[in-house]
Amino acid sequence: MSELLIKDLQVDIEGKEILKGINLRIPQGEVHAIMGPNATGKSTLAYTIMGHPHYNVERGDILFDGKSILRLLPEERAAEGIFLAFQTPVAIPGVTVANFIRTAINSQRKAQESNAKGIPIIQFRELMLAKMELLQMDPSIGGRYLNDGFSGGEKKRVEILQMAMLQPKMAILDETDSGLDIDALRIVAKGIETLKGPNLGILIITHYQRVLNYLKPDMVHVMVDGQIVESGSSDLALKLEQKGYDWVKEGNGHRQT
Ligand code: ADP
Ligand code: MG
């Protein structure tokens, strides 16, 4: 079984300390949520796990399946089975959703085995149609240019489609629920819910408790000012919704509830 293990992670951006010693353990099959106010380092954590070059690991380690991934390139981390759904997905006019995903699958196969062949087009189509049906998506979206003129809800659903197609072992979802109306949120959350299972670990970063009603996290962690200040069961998310973050903010260290 895979697990993502983050040990005493300190991350700087342009010389400024953003993450100040994060510890987390997410086994495959579990859903963990990170909540916290704006600008506390949640996206920084997501990008650092994926290996974005802007984020400089000063101290600590990130292990996947017991091996440090710090020296791996983002595409090598993806090939290991780590997936990141972006907070703000970029548009790529000229590249269709289907082609984008097929290219991603093929480069992942190549990274796993250098002489691997690409996924045959018919097999790809079948897989994509099946996943779209599972996620209740209109198949015509496959032929549209990636995120070009997409609504907020469509962008997030396409992120989930990518996740369904790439079948990662560990998915990091950075505010996949932000900017969605209630209906879009329900559809996206249900989509993620369908993909949940013993072979997938999920780290979902969110501001709102709502999405967690669908996803029922095994654990909720609160990040304030680059540190996890509180971890607990899903009740913690409800408490945050009612009381805000202030009650966990002031130097009470890391508590388990
Ligand atoms: P969150 O996702 O919790 O809102 P972020 O991780 O995006 O927070 O940001 C944490 C802090 O790091 C903020 O103060 C932000 O301004 C800063 N930061 C994030 N990315 C960059 C960057 N690429 N360059 C400079 N500062 C950054
Ligand atoms: Mg963010």
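Helix H3, residues 97–112, and helix H5 have axes that come within 10 Å and cross at roughly 35 degrees. This is a predicted model. The crossing of H3 and H5 is right-handed. On the H3 side, the contact is made by Val-97, Phe-100, Ile-101, Ala-104, Ile-105 and Gln-108, and on the H5 side by Val-158, Leu-161, Gln-162, Met-165 and Leu-166. Sorted by class, the residues of this contact of H3 with H5 are nine nonpolar, two polar and no charged.

Helix H5 also meets helix H4, which spans residues 121–134; the axes of H4 and H5 come within 10 Å and cross at roughly 125 degrees. Angles over 145 degrees count as roughly antiparallel and those of 65 to 115 as roughly perpendicular, with the rest between these ranges being oblique, and H4 and H5 are therefore oblique to each other. H4 passes H5 in a right-handed crossing. From H4, the residues Phe-124, Leu-127, Met-128, Lys-131 and Met-132 meet Leu-161, Ala-164 and Met-165 of H5. The contact of H4 with H5 has seven nonpolar residues, no polar ones and one charged residue.

Leu-161 of H5 takes part in the contact with H3 and in the contact with H4. Leaving aside residues up to four places away in sequence, Leu-161 touches Val-97, Ile-101, Met-128, Lys-131, Met-132, Leu-135 and Met-137.

In soluble globular proteins, nonpolar side chains tend to be buried together. The largest nonpolar core here has 49 residues, and Leu-161, Leu-173 and Ile-204 touch the most other members. Helix H5, residues 152–166, supplies the largest share of this core, with seven residues. A second core is separate and has 26 residues, including Val-11, Met-50, Tyr-55 and Phe-64.

With a relative accessibility of 46%, Leu-129 counts as partly exposed, because buried means under 20% and exposed over 50%. Leu-129 and Gly-142 are 13 residues apart in sequence, and their C-alpha atoms are 9.2 Å apart in space.

Conventions. Residues numbered from 1 in each chain as written. Chains lettered and ligands numbered in written order. Predicted model: local features only at pLDDT ≥ 70, side-chain atom pairs only at ≥ 80, totals over all residues. Heavy atoms only, no water. Core = buried A, V, L, I, M, F, W, Y, C linked by side-chain atoms within 4.5 Å. Buried < 20%, exposed > 50% of the residue type's maximum accessible area, 1.4 Å probe, protein only. Helix = DSSP H or I, 4+ residues; strand = E, 2+ residues; numbered from the N terminus. Contact = heavy atoms within 4.5 Å. Axes fitted to C-alpha atoms, helices over the stretch in contact; angles between N-to-C directions. Parallel < 35°, antiparallel > 145°, perpendicular 65-115°, else oblique. Left-handed = near helix turned anticlockwise from the far one by under 90°. Nonpolar A, V, L, I, M, F, W, Y, C, P; charged D, E, K, R; others polar.
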